[in-house]
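Here is a short briefing to read alongside your model. Keep the viewer open and follow the topics in turn.

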Amino acid sequence: MRKKVFISLALILLAGLTALPFQGKPVYEDECRLKSFFFEKLTRYIKWPEQSGMSDRTTPFVIGILGESLLAPCLKELYSQKTILRKKVEIRSIETLGGIYGCHIIFIPSSMEKILKTVIEVTKNEPILTIADSSGFGEQGVLINFYTAGKKLRFEINEPAFRRASLTPDSRLLEIARVVKSRGGEK
Amino acid sequence: MRLFHHFSIKSKLTVIILVVTVFAIVAGFGFVIYNNIETFKQDMVDNTVLEAKLVGNYCVAPLDFNYPSDAEKVLEKLRTVPYIVNAVVYDKEGETFAVFDKVENPDFPVHPVNGRLIEFRGDFLYVFHPVVYRGKRHGSICLKASTALLDRKFRTNIITLSILTVVLLLISFFLASKLQTVISGPISTLSAVAREISEKKDYSLRVKTRAMDEIGVLYDEFNHMLEQIQLRREERDKAEKKYRDIFENAVHGLFQVSPGGILLTANPAYAKILGYDTVEELLDGGINIRDRLYVEPRKREEFRELMVTMGCVTDFEFKAFRKDGSIIYISESTHAVRDEKDETLYYEGILEDISQKKHAEELKIAKDAAETANRAKSEFLANMSHEIRTPMNAILGFTELLQGEVTTPLEKQYLHSIASSGKTLLALINDILDLSKIEAGKFELHEDIVILRTLFRDIEAVFFEDIKKKGLDFQIEIDPSLPVGLMLDEVRMREILFNLVGNAVKFTEKGHLKLGVYKNAGEKDDGRVELTILVEDSGIGIPREHMQYIFDPFMQVARKIAASRYRGTGLGLSITKRLVEMMGGEILVESKEGKGSTFKVILKKIAVSPILKKDAEPGNIRKKDVRFKDAAILVVDDVESNRELLRGFLGNFGLRVIEAENGEQGVEYTRKYRPALVFMDLRMPVMDGYTAIRILKADEELRSIPVVVLTASAMKEDENAVKAADCDGYLKKPVNGTALFDQLKRFLEYTVIKPAPVEEEQVQGAAGAEEFLSEETRAGLPELLSILETDFTGKCEQVTKRFIIDEIEDFALEVKKLGTQYNLELLTDWGEALFREIERFDMEKLPRTLEDFPRLVRDIKALIN
């Protein structure tokens with residue numbers, strides 16, 4: 001009995017100890033939060049063309065979320081404080097296809113699978129970074145698609161799609177991402 | 001370092017070059033290596049940094065997105081980089097994010113503050129580099145690189161360098177060895193030459209001059225110096241030789257001896273004096289010569305004392321032992337040689353063998369004794385001479401006088417014998433005394449100007465009658481090239497000629513006689529001549545067996561023969577020879593028995609006199625030609641007979657005679673009678689001649705009266721004394737008429753009657769006589785005749801009968817006076833002849849001449865008609 005207690009305490013202490021180093025560190029256990037953080041991170045490795053107005057700090061960086069997503073609140077909360085590329089971040093809910101064009105990033109939740117193709121069609125030549133977190137979306141033309149490998153949140157990059165979108169991903173990004181290409185033979 | 005100094009020049013140079021080379025190489029290469037390493041290090045750093053950057057770059061996303069495995073994948077790429085052994089990626093907080101491990105347990109340095117670090121630690125290089133993307137730091141990366149490669153490179157470099165260095169050194173060594181010759185060669189040459197010179201002592205060697213760098217200058221100076229050395233050595237050698245020669249060849253012994261008496265140095269003379277063959281023999285003994293040298297030990301002490309007190313010894317004489325033990329006399333002069341502290345280093349001196357000198361001294365003493373004895377003998381003889389002659393004078397004189405007294409023919413005959421013997425004795429005594437005088441060296445030559453012609457005529461005159469009587473042909477021959485005036489001793493010459501001509505006359509019965517003088521050739525230009533006087537006859541000659549004896553007075557045999565056969569003392573030739581030899585000449589004789597003899601007298605180095613004596617009349621003035629003015633003559637002599645003789649002589653000259661017995665009387669009479677001339681004997685009682693003369697000469701009034709000293713002594717000393725006595729002349733006793741005449745001539749006034757030539761015959765035929773008679777003479781003849789007939793003839797008979805020399809002499813003089821008065825040579829000649837015979841004690845001719853008188857008168861009678 002005493003031995004158990006001792007072990008439990010030790011485990012707790014260990015846990016606590018292990019938890020200690022993490023003080024001060026950003027909490028990534030919440031997937032939603034993590035993905036949100038990734039948004040900003042990713043932007044740093046992507047080069048937008050001139051017309052996207054990344055150099056203008058007055059204009060906001062627009063993240064459009066198609067439909068409803070669980071990610072929306074995390075995004076909103078995170079980017080109410082944080083800037084992306086020194087721009088204030090505007091989180092929009094995009095209802096219409098037309099609303100896509102004003103966004104720098106479009107997040108396409110898994111629920112929007114049916115219109116994915118259409119969205120891709122719209123965005124494929126636009127400098128819009130499409131981000132999704134559903135399997136197979138990458139091959140369908142989403143530029144960056146999150147997936148989980150092990151305990152890690154990782155992402156796929158559709159490199160041709162990037163090119164079509166006139167967005168240039170940094171090689172560093174390509175290094176850590178799983179590179180996919182669109183099915184259908186498009187390059 | 002000191003060792004280095006002992007290296008040869010070659011080694012030194014080589015070492016120096018090598019050292020420099022090594023330094024250069026090492027320094028150069030070292031620098032290069034360092035540079036190399038540094039560069040490599042830098043390269044490594046750069047490369048590592050680059051890798052860090054590169055890898056870091058690729059860790060940006062993994063860090064950003066927190067994909068450690070991706071970071072590790074990136075780090076894996078480092079595997080290809082050989083020198084990267086570890087890599088660690090740190091996150092923002094410095095926590096290890098990803099690790100690349102080639103090696104286990106990396107020992108990484110502390111995470112640097114500023115995220116940058118390049119550090120070499122141990123064998124590794126740590127490079128920290130921040131991982132930054134777009135201004136945002138995501139973490140840092142640290143690469144650990146191994147310097148092993150570097151080390152290896154370094155080691156490779158070192159090895160390469162070492163090998164290269166060695167190779168270069170070898171090359172350098174080779175080059176150095178070759179090139180150093182440029183410097184060391186000449187030095188070695190110089191060194192070699194110098195050593196050779198030093199070993200062989202050959203200073204004639206030189207180094208060949210070369211390029212004019214410092215060594216060339218050294219060469220030149222070296223050569224120059226050698227020249228100087230050679231020169232100095234030559235000079236020194238010459239000087240040394242000079243002194244060595246002096247040392248070696250010195251007649252006296254030269255030596256150096258240690259204070260202890262050990263002989264240090266000696267010259268050959270020294271060895272010889274002491275009877276050793278060589279100097280080595282003397283020195284090798286090493287023995288203390290001093291100990292063995294002195295015959296008398298006390299002399300050694302004496303020497304030592306002198307040396308101690310005086311510091312030197314001069315002419316120290318002592319007896320010494322030679323090597324063989326014989327004894328010699330030595331004279332030594334030695335001095336001490338001291339050093340600057342005045343300590344005696346050694347003694348050096350001179351040794352002289354004075355044995356000879358000592359002997360000579362001893363001999364001299366003996367000689368002096370002998371001479372003293374001889375002189376005593378001579379003085380004895382001289383004195384005896386005087387003492388002998390005086391009684392002889394008396395014997396002869398009184399014999400003459402006696403002859404006048406005795407009447408009986410028998411008595412006359414006895415007296416005649418006495419007189420004859422007396423004369424012989426006198427002649428013998430004279431000869432003996434002369435000879436002993438010559439033998440004792442008492443004879444001294446009295447040179448004066450002599451006219452040989454006059455002398456010859458005189459001699460001829462002396463022997464004229466004999467020559468005429470024997471009917472011999474007499475020749476005088478005088479070499480015309482012979483100077484007229486010659487410096488000879490007239491008296492001795494007269495004696496020589498008298499002897500030789502006399503002999504010639506004596507030993508020649510028929511034929512001829514020649515008396516000649518010739519000048520010998522080869523006259524040197526010192527104003528002297530050599531002449532030969534020749535006396536030649538055609539007489540009986542000298543037997544060959546007698547030839548060797550004729551000049552020898554001591555060969556009794558010869559003397560006896562000579563004395564018996566030829567009459568005379570037999571000493572004549574010996575005296576003649578001595579006289580000739582005294583004159584520095586020689587006498588030679590050639591003779592053939594029965595044919596004749598020739599005597600030659602060769603006189604050398606006869607001085608020539610250019611001037612004739614002022615008062616020398618041609619010498620032909622003969623007694624008969626001179627008539628003295630009437631004067632009084634004072635004769636001072638203690639011996640009655642001497643006075644008598646002089647009285648006789650002077651009377652013949654028609655002079656008045658005053659006599660004094662001693663000096664005192666002499667002075668008195670001189671004062672009283674003021675004679676024209678004084679004859680003064682020297683040795684007299686009461687007052688001797690010297691004193692008397694002194695008194696006379698001291699007296700103002702009497703000083704002018706001439707005084708002639710009569711001396712019986714034939715010694716030159718007395719002659720000199722006489723001269724010193726301030727007299728005006730001297731006469732030797734027994735008085736010779738001619739000598740007396742000469743003295744009279746000097747001091748008395750006389751007139752010279754015209755001289756007749758000697759060759760004229762004494763008695764001439766009337767016819768011949770007539771030619772020479774002057775008118776005046778002729779006129780006086782009758783008167784003369786009457787005198788002769790009445791007076792003189794009778795007197796002559798009387799004188800002849802009585803035969804008293806004095807009377808005859810008076811008679812002769814009277815006849816002469818008469819002849820002079822009447823200027824008839826016939827008479828004067830006869831009177832002269834008679835007189836001469838008396839002088840010579842010629843008892844042979846004298847009677848004959850007297851017998852001639854009547855005939856003479858008859859001749860004169862004939863002249864008148």
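Phe174(B) sits in helix α4 of chain B, which covers residues 148–179; helices here are DSSP runs of H or I with at least four residues, strands are runs of E with at least two, and both are numbered from the N terminus. This is a predicted model, in which local features need pLDDT of at least 70 and side-chain atom pairs count only at pLDDT 80 or more, while totals for chains, interfaces and linings use all residues. Residues are numbered from 1 along each chain as its sequence is written, chains are lettered from A and ligands numbered from 1 in the order in which they are written, and side-chain values use heavy atoms, with hydrogens and water left out.

**A nonpolar patch on chain B**

- Phe174(B) belongs to a nonpolar surface patch together with Ile159(B), Ile163(B), Leu164(B), Val167(B), Leu168(B), Ile171(B), Leu175(B) and Leu179(B).
- Patches are made of residues with over 30% relative accessible area and no salt bridge; like charges are joined within 9 Å, and nonpolar side chains (Val, Leu, Ile, Met, Phe, Trp, Tyr) within 5 Å.

**Chain B as a whole**

- Chain B contains 27 helices and 24 strands.
- Of its 865 residues, 45% count as buried; buried means under 20% relative accessible area, exposed means over 50%, and partly exposed lies in between (1.4 Å probe, protein chains only).
- The accessible surface of chain B is about 45,800 Å², and 55% of that belongs to carbon and sulfur atoms.
- Among contacts in chain B between residues at least 6 apart in sequence, 65% join residues at least 24 apart; a contact means heavy atoms within 4.5 Å.

**Gly139(B) in its strand**

- Gly139(B) is in strand β5 of chain B, residues 136–146, and is buried, with a relative accessible area of 0%.
- Gly139(B) and Lys92(B) are 47 residues apart along the chain, yet their C-alpha atoms are separated by 4.2 Å.
- Leaving out residues up to four places away in sequence, Gly139(B) touches Leu63(B), Tyr90(B), Asp91(B), Lys92(B), Pro130(B) and Val131(B).

- Helix α18 of chain B (residues 640–652) has 13 residues and should span 18 Å at 1.5 Å a residue, which agrees with its end C-alpha atoms being 18 Å apart; the expected span is 1.5 Å times one less than the number of residues.
- Buried residues of α18(B) include Leu646(B), Phe649(B) and Leu650(B).
- After α18(B) comes Gly654(B), with a positive phi near 80°.
- In helix α19 of chain B (residues 663–673), Gly663(B), Gly666(B), Val667(B), Tyr669(B) and Thr670(B) are buried.
- These buried residues of α19(B) pack against β19 (632–636), β20 (656–660), β21 (677–681) and α20 (689–698) of chain B.
- Asn662(B) caps the N-terminal end of α19(B), with a side-chain oxygen 3.0 Å from the backbone nitrogen of Glu664(B).
- Arg674(B), which follows α19(B), has a positive phi near 45°.

**Two loop residues of chain A**

- Ser134(A) lies in the loop between β5 (129–132) and β6 (144–149) of chain A, and is buried at a relative accessible area of 9%.
- Not counting residues up to four places away in sequence, Ser134(A) touches Pro109(A), Ser110(A), Asn145(A) and Phe146(A).
- Leu97(A) lies in the loop between β3 (89–94) and β4 (105–108) of chain A, and is partly exposed at 35% relative accessible area.

**Salt bridges**

- Over all chains, the structure holds 51 salt bridges, each being a side-chain nitrogen of Lys or Arg within 4 Å of a carboxyl oxygen of Asp or Glu.
- Glu121(A) and Lys124(A) pair at 3.3 Å, N to O; Glu121(A) is partly exposed at 47%, whereas Lys124(A) is buried at 19%.
- Asp342(B) and Arg338(B) form another, with their closest N and O atoms 3.9 Å apart.
- Glu40(A), Lys41(A), Arg44(A), Lys82(A) and Asp64(B) are joined into one network by salt bridges that share partners.

Conventions: Areas by Shrake-Rupley, 256 points an atom, 1.4 Å probe, with all protein chains shown as cover. Polar contact = N/O pair within 3.5 Å; in protein donor to acceptor, adjacent residues only side chain to side chain.
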